[in-house]
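Visitor: I am new to this structure and would like a close look at a single part of it. Could you take me through the sheet and whatever packs on it, step by step?

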Amino acid sequence: MYTGDFVAGEQFTPMPTWIRKSNLSDRQKMLWLYLREVASNNYVVWAFHRTLAAKLGSGVTPRMVRFDLERLEECGAIGIIRWIRDDGNQTCNSYVTWPAEPADFSVAEMVALRKGGRPGSLWRGAVADAA
């Protein structure tokens, strides 16, 4: 059992029980914690895969991070906003960490979160669901 002292001023990032008890790997849980820690007030994170890999430690590659992000999306721990240019090519991703439970946001609410984004940007599934 941990008996360390609480240090005033240190940031504490709680992990929902459903994520903690899920079958996600320890690395995937650490990635979720890091995303949640650096997320903005609207739960959105902008980060390169190589940056996330460096934060997770030596031996973690950007390809492993992509796999982990996809796994986190599959289980509902994060949403991935895929930014698409008007010409149809993808430019980047942003990641949304949910505030509590999976599916707290509808697709329409997710699209509203990214309003003010780049022209032509779409969130996966937004067009089909918003129509």
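Guide: Two strands count as paired here if DSSP finds at least two bridges between them. With that in mind, and remembering that this is a predicted model, we can begin with the open sheet, in which three strands are arranged in the order 1-3-2 with antiparallel pairing. Strand 1 and strand 2 are the edge strands, each of them pairing on one side only. Strands of a sheet pair through backbone hydrogen bonds, in either a parallel or an antiparallel manner. Between strand 2 and strand 3, which run antiparallel, there are seven bridges, and R82 stands opposite N93 in strand 3.

Helix 2 packs on this sheet, where it touches strand 1, strand 2 and strand 3, and its direction makes about 90° with that of strand 3. The helix comprises residues 26-38, 13 residues in number, and reaches 19 Å from its first C-alpha to its last, close to the 18 Å expected at 1.5 Å a residue. Buried residues in helix 2 are Q28, K29, L31, W32 and L35; seen down the helix axis, the buried residues fall within an arc of 155°, so they line one face of the helix. The cover over these buried residues includes, besides strand 1, strand 2 (78-84) and strand 3 (90-97), also helix 1 (17-20), helix 3 and helix 4 (62-74).

Finally, the loop between strand 1 (44-45) and helix 3 (49-56) holds F48, which is exposed, with a relative accessible area of 53%. The C-alpha atoms of F48 and S94 are separated by 9.1 Å, although these residues are 46 residues apart along the chain.

Key
Residues are numbered from 1 along each chain as its sequence is written. This is a predicted model: local features need pLDDT of at least 70, side-chain atom pairs count only at pLDDT 80 or more; totals for chains, interfaces and linings use all residues. Side-chain values use heavy atoms; hydrogens and water are left out. Helices (H or I, at least four residues) and strands (E, at least two) are DSSP runs, numbered from the N terminus. Buried means under 20% relative accessible area, exposed over 50%, partly exposed in between (1.4 Å probe, protein chains only). The expected span of a helix is 1.5 Å times one less than its number of residues. The arc is that of the directions from the helix axis to the C-beta atoms. Contact means heavy atoms within 4.5 Å. Axes are lines fitted to C-alpha atoms, for helices over the stretch in contact, and angles run from 0 to 180 degrees between N-to-C directions.
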